[in-house]
Amino acid sequence: VQLQASGGGLVQAGKSLRLSCAASGSIFSINTMSWYRQAPGKQRELVGAITSAGSTNYVDSVKGRFTISRDNAKNTVYLQMNSLKPEDTAVYYCNFRIRETIISPERIYWGQGTQVTVSS
């Protein structure tokens with residue numbers, strides 16, 4: 001199983017970006033899909049997550065600005081980021097909980113990370 005993240009870039013404050021992360025390979029089911037981020041010199045933090053039932057949760061700093069959605073047919077999660085701020089600058093990582101077969105235990109997979117830079 002591989003996760004491929006895309007959509008990062010350099011934007012001005014107040015603008016929007018949409019990140020995507022798609023899983024490929026042997027997949028039976030995907031439970032929670034999450035986005036994390038890591039800014040220079042800081043620990044990786046959970047930005048938000050979406051369960052297989054569609055429930056979402058977000059870190060307080062992005063509530064009302066970021067939206068997570070998923071397309072189960074495409075094994076893909078999205079992160080719509082609006083009203084971006086310089087403090088949102090970080091490498092963003094996707095994280096999926098995946099079962100490869102009906103008898104496989106759930107495993108955690110990470111994407112390679114995509115850089116988001118917000119200029120003031």
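View 1. With a relative accessible area of 38%, E106 counts as partly exposed (over 50% would be exposed and under 20% buried, using a 1.4 Å probe and protein chains only). This is a predicted model, where local features need pLDDT of at least 70 and side-chain atom pairs 80 or more, while totals for chains, interfaces and linings use all residues. Residues are numbered from 1 along each chain as its sequence is written, and side-chain values use heavy atoms, without hydrogens or water. E106 meets the side chain of R97 in a salt bridge, 3.7 Å from N to O (the rule: a Lys or Arg side-chain nitrogen within 4 Å of an Asp or Glu carboxyl oxygen). R97 is partly exposed as well, at 34% relative accessible area.

**View 2. D60 meets K63.** The side chains of D60 and K63 form a salt bridge too, at 2.9 Å from N to O. D60 counts as exposed because its relative accessibility is 61%. In total, the structure holds six salt bridges.

**View 3. An open sheet of four strands.** Run through this sheet and you'll meet the strands in the order β1-β3-β8-β7, with antiparallel pairing (strands pair if DSSP finds at least two bridges between them). The edges are β1 (2-6) and β7 (66-71), each pairing on one side only. Zoom in on β7 and β8 (residues 76-81), and you'll find six antiparallel bridges. Which residue of β8 is the bridge partner of R70? That's V77.

**View 4. I102 in its loop.** Follow the chain between β9 (90-99) and β10 (107-110), and you'll find I102 in the loop. I102 has a relative accessible area of 58%, so it is exposed.

**View 5. Stepping back to the whole protein.** The protein has 11 strands and zero helices. Its C-alpha atoms fill a box of roughly 50 × 25 × 25 Å along the principal axes. Of its 120 residues, 38% are buried.

How values were computed:
Helices (H or I, at least four residues) and strands (E, at least two) are DSSP runs, numbered from the N terminus.
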